[in-house]
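Take a look at the model below. Have its confidence values and side chains in view as you read.

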Amino acid sequence: MTDQIINKCMSATRNLPTRTLDVLEVLCGYAATGATNADLAHAAQTTPADISRITKLLISKGWARKSEDTGRFYPTAQFTRLTFRVAADFDRVQAQLEDRRRSMSHADGRALNEIFN
């Protein structure tokens with residue numbers, strides 16, 4: 001009973017978007033085994049009722065799924081692909097920087113050759 005009171009107090013101090021992100025973060029730690037409603041509520045320090053609302057939202061967004069066999073929740077491939085989008089963006093910026101560095105060093109080399117020749 002004490003845990004329920006603590007969770008209810010903790011939930012009240014954090015808004016729904018924050019609790020949703022907390023649940024999503026916890027859910028990613030259960031990618032292989034899945035998480036029960038109770039697992040998520042305990043780890044995210046929120047109520048089971050919040051978990052029900054939040055998992056419905058995540059499922060509607062396509063970022064979570066619920067196993068019909070076990071009732072466990074899992075992050076979806078659609079959500080995990082977001083990490084690859086972040087990495088791809090860094091790769092794109094890194095390639096742009098390397099292109100700029102190469103063009104600067106070639107331009108500098110030509111300028112130095114003109115000065116000294």
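What follows goes from confidence to helix packing, then to the core and the salt bridges.

This is a predicted model: local features need pLDDT of at least 70, side-chain atom pairs count only at pLDDT 80 or more, and totals for chains, interfaces and linings use all residues. Residues are numbered from 1 along each chain as its sequence is written, and side-chain values use heavy atoms, with hydrogens and water left out.

Start with confidence. pLDDT is the predictor's confidence in each residue, from 0 to 100. The protein averages 86, and 79% of the residues score at least 70. Elements here are DSSP runs numbered from the N terminus: helices are H or I with at least four residues, strands are E with at least two. Helix 1 (residues 2–13) has the lowest mean pLDDT of the elements, at 53. Strand 1 has the highest, at 98.

Now turn to the packing. The axes of helix 2 and helix 4 come within 10 Å and cross at roughly 75°. Axes are lines fitted to C-alpha atoms, for helices over the stretch in contact, and angles run from 0 to 180 degrees between N-to-C directions. Helix 2 is therefore roughly perpendicular to helix 4, a label for angles of 65 to 115 degrees. Contact means heavy atoms within 4.5 Å. On the helix 2 side, the contact is made by Leu 16, Arg 19, Thr 20, Val 23 and Leu 24. Helix 4 brings Asp 50, Ile 51, Ile 54, Leu 57 and Leu 58.

Some of these residues return in the core. A nonpolar core is a set of buried Ala, Val, Leu, Ile, Met, Phe, Trp, Tyr and Cys residues joined through side-chain atoms within 4.5 Å. Buried means under 20% relative accessible area, exposed over 50%, and partly exposed in between (1.4 Å probe, protein chains only). The largest core has 14 residues, and Val 23, Leu 27, Leu 40, Ile 51 and Leu 58 touch the most other members. Helix 2 (16–28), helix 3 and helix 4 (48–61) are the elements that give two or more residues. Helix 2 gives the most, with four. Leu 58 touches Thr 20, Val 23, Leu 24, Trp 63 and Ala 64, leaving aside residues up to four places away in sequence.

Next, the charged pairs. How many salt bridges does a search of the whole structure find? It finds five. A salt bridge is a side-chain nitrogen of Lys or Arg within 4 Å of a carboxyl oxygen of Asp or Glu. Arg 72 and Asp 39 form one, at 3.6 Å from N to O. Arg 72 lies in the loop between strand 1 (64–66) and strand 2 (73–75) and Asp 39 in helix 3 (residues 37–44), so the pair ties together parts that are 33 residues apart in sequence. Arg 72 is partly exposed at 27%, and Asp 39 is partly exposed at 25%.

Helix 5 (residues 77–116) holds Arg 92 and Asp 89, three residues and about one helical turn apart. Their closest N and O atoms are 2.5 Å apart in a salt bridge. Arg 102 and Asp 99 also meet in a salt bridge, with N to O at 2.5 Å. Both lie in helix 5, three residues apart, about one turn. Salt bridges that share partners join Arg 19, Asp 50 and Arg 53 into one network.

One backbone detail remains. Gln 45 has a positive phi, near 50°, in a residue other than glycine. Gln 45 sits in the loop between helix 3 and helix 4.

Note on methods: Parallel < 35°, antiparallel > 145°, perpendicular 65-115°, else oblique.
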